[in-house]
Amino acid sequence: MRLLLIADTHLPQRAKRLPAQVWREVEAADVVIHAGDWVEAALLDELEARSKRLIGVYGNNDGADLRARLPEIARADLDGVRLAVIHETGGKQGRERRCDEQFPDTDVLVFGHSHIPWDTVTPKGLRLLNPGSPTDRRSQPFCTYQTAEIRDGELRDVALHELPLRR
């Protein structure tokens, strides 16, 4: 099972559209995961139409229309991997401890908000993933997203992808 992880797209504020490379990943993915801050519902509509399966949550920049359609926390069992998605996990100091406490029955937690890519494992074995942003790099050198595979009940081959700088 191929996963695409994105967050903090902020369309159309930070970009007019998702990069073509990300749309190619959408087409290749079995599951697209969006960890919030869509800003407008048009991207949600398009991802719902073009994805085989979409798991998404709302973020702090998402209004009532998106909050009516998306949960704050999404959970799914993906071939035996217990996944949760949330937009914010708080500051990086103490993140692993907080997430272990808040998500005890989770194998992988995907989050966003900071636009900073993240890939760590907590003391209790929870994998924390933040794909960064494919449209707003903020202080990062590149806009980013992540892909991963689930095989034999395990998350594997997590990769961070850098996007070319926009002109």
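This report walks through a predicted model, from its annotated domain to a few local details.

## About the model

Because the model is predicted, local features need pLDDT of at least 70 and side-chain atom pairs count only at pLDDT 80 or more, while totals for chains, interfaces and linings use all residues. Residues are numbered from 1 along each chain as its sequence is written, and side-chain values use heavy atoms, leaving out hydrogens and water.

## The annotated domain

An unreviewed UniProt entry carries the annotation "domain: Calcineurin-like phosphoesterase" for residues 1-152; such annotations may be inferred rather than shown by experiment. This span is 22% helix and 28% strand, and its end C-alpha atoms lie 10 Å apart. Helices (H or I, at least four residues) and strands (E, at least two) are DSSP runs, numbered from the N terminus.

Helix α1 (residues 20-28) and helix α2 (residues 41-50) have axes that come within 9 Å and cross at roughly 40°. Axes here are lines fitted to C-alpha atoms over the stretch in contact, with angles from 0 to 180 degrees between N-to-C directions. The two helices, α1 and α2, are therefore oblique to each other (under 35 degrees counts as roughly parallel, over 145 as roughly antiparallel, 65 to 115 as roughly perpendicular and the rest as oblique).

On the α1 side, Trp-23, Val-26 and Glu-27 make the contact, and on the α2 side Leu-43, Glu-46, Leu-47 and Arg-50 do; contact means heavy atoms within 4.5 Å. These residues divide into four nonpolar, no polar and three charged (Ala, Val, Leu, Ile, Met, Phe, Trp, Tyr, Cys and Pro count as nonpolar, Asp, Glu, Lys and Arg as charged, and the others, Gly among them, as polar).

Let's look at the loop between β1 (2-6) and α1, where Pro-12 sits. A cis peptide bond, with omega about 0°, joins Leu-11 and Pro-12. His-10 is also placed in the loop between β1 and α1, and its phi is near 50°, a positive value in a residue other than glycine.

## Around Asp-79

Asp-79 lies in the loop between β4 (73-78) and β5 (81-86). Beyond its neighbours within four places in sequence, Asp-79 is in contact with Met-1, Ile-150 and Gly-153. Asp-79 and Gly-153 are 74 residues apart in sequence, yet their C-alpha atoms are 5.6 Å apart in space.
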